Structures are given as C-alpha cells and as structure tokens.
Amino acid sequence: MSKPVVLIAEELSPATVEALGPDFEIRYCDGADRSQLLPAIADVDAILVRSATKVDAEAIAAASKLKVIARAGVGLDNVDVKAATQAGVMVVNAPTSNIVSAAELAVGLLLASARKIVPANLSLKAGEWKRSKYTGVELTEKTVGIVGLGRIGILVAQRLSAFGVRLIAYDPYVQPARAAQIGVRMVSLEDLLAESDFITIHLPKTPETANLIDADKLRLVKPTVHIINAARGGIIDEAALFEAMTEGRVAGAGLDVYASEPCTDSPLFGLESVVATPHLGASTDEAQEKAGIAVARSVRLALAGELVPDAVNVQGGVVAEPIRPLLPLAEHLGQIASGLVETAVERVDIEVRGEAADLDVRVIELAALKGVFSGLVHDAVSFVNAPVLAEQRGVEVALTTDRESADHRTLVRVRLTLTDGAMLSVAGTVTGARHVEKLVEVDEFDVDVPISEHMALFRYHDRPGMVGVVGRLLGEASINIGGMQVSRDDAGGHALIVLTVDSPVPAPTLSNIVDEIGAHTGRGVSVV
C-alpha cells in the first residue's frame, strides 16, 4: 500500500519531519505561491502550514483526498475552518506551542518601551551620547492592565509580578476568585484603561474584539501609559493609536502585530516612542520545534482515524481521562449496530449512563457516529465528517445522559431508528484496569461478551440442539469460535446467540446457519 502523503508548505522545524516518522511520503512546496500550492495539494492527505499559506475554500476544493490541515502555531487566520468542516477535513493547530515565547516577547516589548531601549540603541550607534533624552520609567509599584487573562495573559502576569507591579485585568470569561489566586484584580475595560500605567493585550482576534481599543477608548488612558500588543493585529485601532501618540495622549507602544500583515509601512513606525517587531511572538527555536512536533503528532492521529485533542473543528471540548476508554467502545458499538441493520437509518440516539454522565461526553456522540457511518458509507469516516454525513443524509442525532445505571459504572447505548420504523439498540461498557470492552445488551437481550474484531449474532426460537448446530457448521467452515453466549427471554421463547470468532463468517455459512436453526436473523459484524 502507498503511504499517506503529507505536504509541508512552509519551512518548519526539522523536528516536525522526525515526529511524523517513516510512515508518510513527505512532499514540499512554497505554499505562499498559489501556482505551486493548488497543484501540489491535489492528491495529499495532509498539509502542514504556518501563517503564509492561505488554505481557503479554493485550496480545499482542489484537494480531493485532504483529511487534515495542520497549522504549526496558534492562530488560524489563514485557514477557512468552515469550508474545511463542510468538506470533512480536520483542522488542527498547536495552541500551547508558543505561549511562553509570546508572553516573553510581550514582557520584552513592555520593558523596551518603558526604558526607551530601541531609540537609545539607535542613537548610540549613530555616534550620539544622549542619556537625558532617553530617561525611562520603572515598573515597580506601577499598575499593569492585562486585557485578556487566558493562558498567555496568565504567563505575563506571573512574570511581571516579580517586578513589584499591581496587576489588574479585563476578561469577561474569568471569575474574580480565579484571578485573585494569581494576584490579579478583575476590572471593567474602562477602569483598566483609566488606571493602568502599562496595558498589554492578550486576546484572540474575533468580531467582538476587532477595534476593541478604538479612538474613544484611547481617550480614557493616562498620557503616561505604554500600550503593548503582541496578540493579534486589529484589536487596537492603529490610526487612533497614531493620533493619540502624536497628540501626547499615549507615551509609548510596543507592537508585534498589525491589522494587515505583512506590514512594512505604517505611520506608527515613524514614531521614536514605538517599538515595532515583525510578528515575532512565535519566532523562537523552542516555539517552532514545539509547534512542529505537536501538529506532526496530530497528523499521525488524524490519519489513523483517532481523536485529535487539538482539532479545532471537532466538537466535544477537552476529553476527560475517564472518557477516553469510552471512545473506542462507542465507535465499536456504532459499528455493531450498523452491521446488524439492513435498511436505511433515520435517527441515531446515543445514551451515556452512570459516572461518565457527570462529564462532558459530547465526543462520545462523535465516536458513535463515526462507528455507525463507517459501516454505512464507502468514504472514509472521521470525527470531523461523521456529523456532516449525518446532516447530509437527513439522519437525526441525539445525545442523552443519565447519572443512574443499575448494573454498570458506566454504560454507553447506541440506538438506531430505521426508515421502516424498526429500532435496534446495542449497549456496552468497559471493565478492569485494561478497559476491556464488553457488549452487554442487544435490544431486549442481556449479554456479557467481550467485543471482538469478528462477531456473529443469530436470533432464533429457543429449542434444544441449536448451539450444537451452530458449532458444527462453523467448524465445517473452519471458523474457530473464541466465545459464545446464549441469551433468551423465556424458556422456549426468543433467543440470541452472540459469538466471537477468529475470522469473518462467510455469507454462505451465515445463510446455512440461519436455515438450519430457523433463525429470524443472522449477521456477521466486524469491529476495527
């Protein structure tokens, strides 16, 4: 078999290729050059980019085999996530790879602005000795306002606390008690702007944060304030900032990001009190290596059909540790359920009962859908396109939870409603330290069978000798039985045989068994 193809469209750390390993065919192109990108992406399974390559709807449409778009960094401004999701393409990034580097750069820009390091450096190199001209200010006992107290904002707060500053922050999604634990007082944006001697921004670029600090907001600040933005361009209105600085209403600024990039010509660059860098937040050897390794691992997982924790277009949030063993269980239950039906599916219900119901179980729904549709469609099914496949086929999907579970600590049930009105449900659990997956319910029948790669199920009218018949016919077909269980509603009533076998049961053998035991149904299922 040919290896999956991974296209590296920008210069990445050598550790990226090492982390991918030998299981992939690696190709290269200049992703910023559309004439190279569009033909190069046509037959690849994954593409790795940084910020220069635009993976937009056109590029995604040109990539008929594409399964993963990996951005070796934090932002996704250059990736059309909506178009990727509609195409069933997973989008991953490296959300924590550069947080230390970005935080350190913000602190560096703040110090450089406070002590006028850049203009003093340039003056001295020009042969001037002007100590009094470049008198700066100390940080000690000053108030630093942090706009956005996420992962990077917290790192900045921790580092600046060593300077003896007062820390305040604006972030509508952070509880004051949580901020207090790291010595930060939460305030409104208006109060932060009015109180701060230094303001540092650490927000993502969204419609809500675009031009968050505009001309009106800049009229609230102290004239001695220094403003730092090493987050995303466009959060500060650059024209308004230039006006405020030229009018003496802002003392200094440190900028690493701009509304339009690359940016080489801005009125702000002509101001001596502006320290400007060309989007260097992630430009450290350590950050590039961490980003490359992180997305390489994500690509490996995605192309293996596994859940990727850093996938941005897969619903389900952070996967709690107790949920992880339930994901293959849910997928296998979906495969078993779809393997037991012969007509089209109209609705899929996923039910989680027991201890796991207290956790975020949305990803279990994705795993179950992935299993269901892997048995119903010819295309590859992933955590990304499983919901898309359901929507395209008009299949309703519902997830329910219940803390109560009579017989098992955690139970996952997958119920299919068919277009003819019939229903089928299977349920399972995991047991022991090795998380052994067990099938514990098929419709009204209680069973206790380890889920195996190859299984067969027969429904029939209970009467003596049927187990022997099944064993004989499988033996004649050289099918070795790994395990067998019979469940019935009443003696002489309806019964179910569930078998685990070492190899798939051929259709003629299934048909022979159905005929000889007078089974209502007989199906072989494969779990992968």
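I began with helix H5 (residues 99-114), which lies across strand E9 (198-201), strand E10 (226-229), strand E11 (252-255) and E12. H5 runs at about 155° to E10. Angles run from 0 to 180 degrees between N-to-C directions, and axes are lines fitted to C-alpha atoms, for helices over the stretch in contact. Helices (H or I, at least four residues) and strands (E, at least two) are DSSP runs, numbered from the N terminus.

I noted that this is a predicted model: local features need pLDDT of at least 70, side-chain atom pairs count only at pLDDT 80 or more, and totals for chains, interfaces and linings use all residues. Residues are numbered from 1 along each chain as its sequence is written, and side-chain values use heavy atoms, without hydrogens and water.

Next I looked up helix H11 (residues 238-246). H11 lies across E10, E11 and E12, at about 150° to E11.

Then I traced the sheet. It is open, with 7 strands in the order E8-E7-E6-E9-E10-E11-E12 and parallel pairing. Two strands pair if DSSP finds at least two bridges between them. Strand E8 (184-186) and strand E12 (274-276) each have a single partner strand, so one side of each lacks a neighbour in the sheet. The twist averages 20° from one strand to the next.

Strand E7 (residues 166-170) pairs with E8 in the parallel sense over 3 bridges. Leu167 stands opposite Val184 in E8.

Last, I searched the whole structure for disulfides (pairs of cysteine sulfur atoms within 2.5 Å). I found 0.

Terms used: Contact = heavy atoms within 4.5 Å.
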